[in-house]
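Thanks for passing this one along. Here are a few friendly notes to read beside the structure.

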Amino acid sequence: MYENAPSLVTETEIYPDLARLAYEDLTSQESVSRFEARMTQESGSFDFTAEQATAEENKEALMSQMQALMRNESLGDDQREALFKELSDKLDNLDLRQEEAYKLKNFMEMRKSIFDTRGGMLFSSSEDEAQHLVNGIVNSAKQEESKFVPEEAFRATIDQGRPSVIIDASSKPIEVPLSSIVSAVGFQSWEDGRGDGIGKDNKSSSETIKDYASRPTEIPPIDNAVALILPNGEVVIMSENSHRVAAAKLRGQKTIQIKHLTVREVETAA
């Protein structure tokens with residue numbers, strides 16, 4: 001384990017163990033086996049091609065009805081308008097169903113790919129298992145600002161023997177205290193960022209941070225981050241969207257949202 005790992009932990013304060021319990025329950029051998037069996041069952045019960053074909057047939061039928069309605073001269077304008085709106089609403093609902101089917105297909109394919117290639121377990125934040133873990137993370141998230149933790153030190157503490165749990169919260173981002181984010185990919189510090197001469201739009205990293213912080217618009221959610229459960233139950237986070245987090249800290253912002261969160265646990269000595 002990385003020699004500076006104890007610096008991540010506030011030994012004097014013990015946090016609720018909700019995050020650890022939820023994570024270890026999800027990553028137990030029994031849970032992983034159930035997860036794999038559920039993926040197989042889901043893929044067998046969801047026929048995307050057949051569903052899309054049915055939706056397209058229904059849409060064509062609705063379009064034909066709308067065209068016939070427009071040619072029907074026996075109807076008054078108000079009646080025709082009401083019937084046309086009813087058909088139009090049905091068409092909109094079919095479009096929404098197709099969109100949701102595409103999202104589900106992509107999610108299921110991504111879930112299987114992550115499991116097959118990395119052994120990771122992808123959950124939607126709407127799933128009960130993920131909700132328990134999210135609640136634990138939010139309740140156990142670090143509440144006080146601390147020194148910046150280099151990316152290498154953060155990654156070196158991760159227990160690689162347990163699967164990662166990835167939570168897709170893109171539809172409803174997870175809101176965490178900004179103080180819980182203690183590291184950022186590629187950064188040397190929150191003030192200097194990646195260091196002078198390495199920035200965006202011909203600006204240094206520190207200038208980019210100040211620029212983002214000075215803008216009147218809200219700082220957008222973090223796209224990807226890694227949450228790490230420490231031995232005392234506390235949760236700290238490393239962000240991949242480094243400049244926006246540093247800008248939020250410079251602004252004095254209290255919380256920030258995360259769209260995709262990977263959850264891991266610190267490796268403890270045997």
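In which kind of crossing does H3 pass H4? The crossing is left-handed, a term used when the near helix is turned anticlockwise from the far one by less than a right angle.

1. A word on the source: this is a predicted model, where local features need pLDDT of at least 70, side-chain atom pairs count only at pLDDT 80 or more, and totals for chains, interfaces and linings use all residues. Residues are numbered from 1 along each chain as its sequence is written, and side-chain values use heavy atoms, with hydrogens and water left out.

2. Helix H3 covers residues 48-71 and helix H4 residues 77-118; they pack at an angle of about 165°, with axes 10 Å apart. H3 and H4 are therefore roughly antiparallel (angles over 145 degrees). The contact of H3 with H4 has 14 nonpolar, 5 polar and 7 charged residues.

3. The largest nonpolar core has 42 residues, and Leu133, Ile256 and Val263 have the most contacts inside it. Such a core is a set of buried Ala, Val, Leu, Ile, Met, Phe, Trp, Tyr and Cys residues joined through side-chain atoms within 4.5 Å. Apart from it lies another core of 11 residues, among them Ala153, Leu228, Val236 and Met238.

4. Leaving aside neighbours within four places in sequence, Val263 is in contact (heavy atoms within 4.5 Å) with residues including Tyr23, Leu133, Pro163 and Ile229.

5. Ser204 sits in the loop between strand E4 (181-184) and helix H7 (205-214). Ser204 counts as buried because its relative accessibility is 12% (buried means under 20% relative accessible area, with a 1.4 Å probe and protein chains only).

Definitions and conventions. Buried < 20%, exposed > 50% of the residue type's maximum accessible area, 1.4 Å probe, protein only. Axes fitted to C-alpha atoms, helices over the stretch in contact; angles between N-to-C directions. Helix = DSSP H or I, 4+ residues; strand = E, 2+ residues; numbered from the N terminus. Parallel < 35°, antiparallel > 145°, perpendicular 65-115°, else oblique. Nonpolar A, V, L, I, M, F, W, Y, C, P; charged D, E, K, R; others polar.
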